[in-house]
Structures are given as C-alpha cells and as structure tokens.
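Work through these exercises with the model open beside you. Try each task before you read its solution.

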Amino acid sequence: MSEIDSSHSETETSVVVADSSALIEESSHHSLNLKETGLLFFIMMIGNFFNYLFAVSMARMLGPEGYAVLMSLFSLFIVLAVPIGTIQTVTTKYIAEFFAKSEMFKIKKLVLKLLKNMLGMGVGLCLILMLASKLIANYLHIETIMPILILSTIFIPSFLTPVTRGALQGLQRFLGFGISGTGESMLRFVFSVALVSIVSTQLKVNVAILGIALSCVGSFIYTVLLLKPILSKKYDIDNKNNDIKFKDIYSYSYPVVVTLLCFTALTNIDLIMVKHFFSTVETGYYAGAEMIGKIVLYLPSTIVILMFPKVASLNTQNKDPRPILIKSLLIVTAVCLGITFCYFAFPEPIVLLLFGKQFISGIPLLWLFGVAMTFYSLVNILLMYQLSVHKFKFIVPLIFVAVLQVVLFQFLHSTIFHILYILLGSGFLLFLINMFLVFKQDKKSYA
C-alpha cells in the first residue's frame with residue numbers, strides 16, 4: 001500500500017476514528033456477543049483440531065520415546081517463552097484502551113515500538129538457549145543438542161507474532177485473530193508431518209521442531225498483512241495527546257509477566273519433572289494423557305480471548321465488567337465439566353482414537369487431568385480478569401502456590417500419580433483464592 005499524502009491524512013484519519021467509534025459502540029455495550037463467540041469458537045476449534053492432528057501424528061510417527069523428547073522440549077519452550085504471552089496481553093490491553101478512545105496513532109506507534117523491542121529480545125533468548133543447549137540436553141537426558149538448537153530459532157518469530165496478534169485482539173478483530181492462530185496450527189501440522197515422513201529416524205524429532213518454526217514465520221507474516229492498513233497510514237502526531245506513556249506500559253508488564261510465568265509453570269513444568277524423574281516410556285504415556293487432558297484448558301480459551309479486551313474497554317469507560325466475568329465463568333465451567341465427564345466415562349475409546357494402543361497405559365490418568373485442567377481454566381479466567389481491571393493482589397498467592405508446587409514435585413514423586421495429584425491440588429487452591437479475591441475486590445469497587 002502506498003503512503004497517503006499529507007493533504008488527505010486528516011480526512012482519512014477522521015474516517016478511521018469514526019469507524020472505530022462505531023465498532024466500539026457496537027462491541028462495548030454487550031457482554032459476550034453470541035455470534036462472534038460462536039464464530040471465533042468455530043475457528044479455534046479448527047485450530048485445536050489441527051493441534052491434535054499434529055500431536056497424534058507425532059505420537060504415532062515418533063513413538064513414545066521420540067514423542068516424549070518432542071513434548072518435553074515443547075514444554076520447555078512454553079515456559080521460557082512467557083514473555084511472548086506477556087507482550088500479547090500487554091499489547092491487547094493498551095490497544096483496547098486506545099481503540100476505546102479512538103487514538104489510532106497510538107496504536108501504530110505502540111505496535112512499531114514493541115516489534116523493534118521484541119526482535120532484540122527474541123534474538124537474545126535464541127543465543128542464550130543455544131549456549132545452554134548442552135546443559136538442557138543433559139538435564140532432559142537427550143542424546144544430542146541439535147533439537148535444542150533448532151528449538152532456539154523459534155524464539156525469533158515467536159517474539160514478534162504476539163505484538164501483531166495482540167493488536168488484532170485489542171482492536172477486537174477476532175476473525176483475523178482466530179485465523180492467524182488456526183493457520184499456524186495448520187502449517188505446523190503440514191510442515192512437521194511432511195518433513196518427518198521423508199527423513200530417517202535419527203532426524204525425525206529435529207525436523208518436527210523445524211516444522212514448528214516455519215509455522216511461526218507464516219503466522220507472523222499473515223498478521224502483519226492484516227495490520228498493514230493501520231501501520232501504513234499517516235496520522236497527525238502534533239497533538240500532545242498522542243504521547244504514549246511507555247513507563248506505565250512497562251510497569252504494567254511486571255505483574256503480567258509474573259502472572260503468565262507462574263501460570264505457565266504451574267501447567268507445564270509437571271511434564272519436565274516427569275521427564276527428569278521417570279523413564280522415557282513412562283513420560284510418553286504421561287505426555288499423551290496430558291495432551292488429551294489439556295483440551296479442557298485450551299478449548300475454553302476462546303472465552304478468555306473475547307473477555308479480556310471487552311473488560312479492559314469497559315473498565316476504561318468506568319463501566320461495570322462483572323457481568324462479562326460471571327458469564328465467562330459459567331460458560332467455561334459447563335464446557336470443562338462436559339469434556340471431563342467424557343474422560344471419566346469413555347477414556348479407552350478416546351485414547352485409542354487419538355493416540356493408539358501404544359499409549360493405552362495413560363488411560364488411568366485421563367480423568368484426573370480433566371479435573372485438574374477444569375480448575376486451571378477457571379483460574380485463567382479469574383487471573384485475566386484481574387489483570388484487565390488492574391487488580392494485582394493475586395500475585396503473592398500465585399507465586400506461593402507455583403513455588404510450593406515445584407517443591408512438592410521434588411519431594412513427592414514416587415509415582416506419576418503423585419505428580420498429577422499435586423497438579424490438581426494446586427489448581428483447586430488457586431481457584432478458591434482467586435474467587436475470594438475477585439468478588440471481594442469487585443464488591444468494593446462497584447458497590
């Protein structure tokens with residue numbers, strides 16, 4: 001798109017502002033629109049379908065041992081990549097606020113600034129991980145450092161995409177947001193399966209990780225194209241109101257990074273511990289059950305995506321966001337309990353369908369994962385709500401439970417069931433704490 005000329009800049013900016021105001025009027029006065037919820041849910045269901053096609057394909061093509069290596073490294077990536085979730089959350093919140101006030105220049109400025117910063121962070125973390133590859137391989141009992149070196153390259157595109165994806169979420173462009181995530185899942189499946197199918201056994205894990213890296217690059221390119229109309233426009237920058245208080249944004253990022261680090265550790269470090277304490281085959285069984293169990297955590301994530309920018313926007317306008325929270329909790333509870341019931345009633349057909357006979361030993365773990373992930377799904381809603389309305393009293397108990405979980409893993413791991421009981425107990429405790437904090441705080445705020 002060519003650069004607009006200065007004589008038309010103010011006119012086009014006014015049109016953008018008018019359009020954005022209309023969108024705000026439409027979206028902010030409703031809690032969770034049934035149509036957009038259903039559409040985004042459908043799109044993300046397709047993405048989840050390809051995520052599980054990827055998981056099932058890798059499990060069958062790599063076997064329990066190779067799959068254990070792949071998923072333990074993927075869990076490590078998720079824990080180390082907490083800044084990715086942080087920047088997306090921060091970007092979403094502030095762009096939602098700028099959008100509510102029709103401050104389009106601030107949206108452009110924030111996106112460009114964050115892209116520059118995240119590029120440097122991604123390259124830096126990539127180099128650090130490469131230097132530590134030998135130590136990581138030894139801890140996880142992996143024979144070669146090559147999969148870790150390939151994994152490290154994922155951090156570069158993965159640190160850029162959250163900025164553009166967070167911008168789409170903050171602008172409430174949920175269709176583009178959903179397609180970007182689903183497209184990444186589809187590319188991950190296509191690239192990884194194609195590469196694994198054409199190489200020798202020794203290289204299969206390496207090329208599976210390479211497929212993940214390529215999918216991240218594709219997703220970033222797509223989100224940039226969606227934002228090009230905003231990023232390529234000229235806006236009036238003489239107005240002092242266009243200044244962005246980056247100090248406030250960076251200050252807000254601290255509780256976000258702590259929240260996401262703790263939540264990510266709570267829901268992912270168990271697999272790393274299992275890989276360290278138990279055999280590779282046992283880890284493979286556990287990883288298979290966990291992958292199925294986490295459907296309960298990932299499937300309701302649509303509600304979090306929709307809730308967060310709406311609550312932030314309403315909070316900016318001094319309107320009560322509690323109805324959105326209550327509706328979100330009810331929807332997530334219904335979805336999670338329904339899936340968990342299926343795990344309890346039909347565990348064997350589910351495992352056989354998704355992973356095959358090789359993973360049949362993971363069946364006893366399945367319903368426990370369902371219960372545990374139900375609590376974590378509800379905790380996720382409560383944490384994101386508190387972040388969106390600038391309530392941070394949950395930080396201290398969240399850190400305490402995260403540290404307590406790791407300590408318990410270290411001392412209570414006689415069987416894999418002990419790991420799972422600790423995971424479930426941590427989620428239940430956090431749910432009780434955050435329910436108390438959220439409704440006590442909101443009672444004071446909106447009385």
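**Exercise 1. Are Arg188 and Glu184 buried or exposed, and where do they lie?**

Step 1. Take the cut-offs: buried means under 20% relative accessible area, exposed means over 50%, and partly exposed lies in between (1.4 Å probe, protein chains only). Both Arg188 and Glu184 are buried.

Step 2. Find the helix. Arg188 and Glu184 both sit in helix H8, residues 174-198. They are four residues apart, about one turn of the helix. Helices here are DSSP runs of H or I with at least four residues, strands are E runs of at least two, and the numbering starts from the N terminus.

Step 3. Look at the charges. Side chains of opposite charge can pair when their charged atoms come close. A salt bridge is a side-chain nitrogen of Lys or Arg within 4 Å of a carboxyl oxygen of Asp or Glu. Arg188 and Glu184 form one, with their closest N and O atoms 3.5 Å apart.

Step 4. Widen the view. Arg165, Glu184 and Arg188 are linked in a network of salt bridges.

A note on the source: this is a predicted model, in which local features need pLDDT of at least 70 and side-chain atom pairs count only at pLDDT 80 or more, while totals for chains, interfaces and linings use all residues. Residues are numbered from 1 along each chain as its sequence is written, and side-chain values use heavy atoms, with hydrogens and water left out.

**Exercise 2. How many salt bridges does the structure hold? Describe two more of them.**

Step 1. The count is six.

Step 2. Lys106 pairs with Glu103 at 3.5 Å, N to O. Lys106 is buried because its relative accessible area is 9%. Glu103 has 19%, so Glu103 counts as buried too.

Step 3. Arg322 pairs with Asp320, with the closest N and O atoms 2.9 Å apart. Arg322 has 24% relative accessibility, so it counts as partly exposed. Asp320 is partly exposed because its value is 33%.

**Exercise 3. Which residues does Asn48 touch?**

Step 1. A contact means heavy atoms within 4.5 Å. Leaving out residues up to four places away in sequence, Asn48 touches Tyr298 and Leu299.

Step 2. Turn to the whole chain. Among contacts between residues at least 6 apart in sequence, 85% join residues at least 24 apart.

**Exercise 4. How many disulfides are there?**

Step 1. A disulfide is a covalent bond between the sulfur atoms of two cysteines. The rule asks for a pair of cysteine sulfur atoms within 2.5 Å.

Step 2. By this rule the count is zero.

Step 3. Cys216 is buried because its relative accessible area is 5%. Cys262, at 9%, is therefore buried as well.

**Exercise 5. How many helices and strands does the chain have, and how much of it is buried?**

Step 1. The chain has 18 helices and zero strands.

Step 2. Of its 447 residues, 56% count as buried.

**Exercise 6. What is the mean pLDDT of the chain, and where does pLDDT stay under 50?**

Step 1. pLDDT is the predictor's confidence in each residue, from 0 to 100. The mean is 81, and 87% of residues reach 70 or more.

Step 2. pLDDT stays under 50 over residues 1-30. Where pLDDT is low, the predicted coordinates should not be read in detail.
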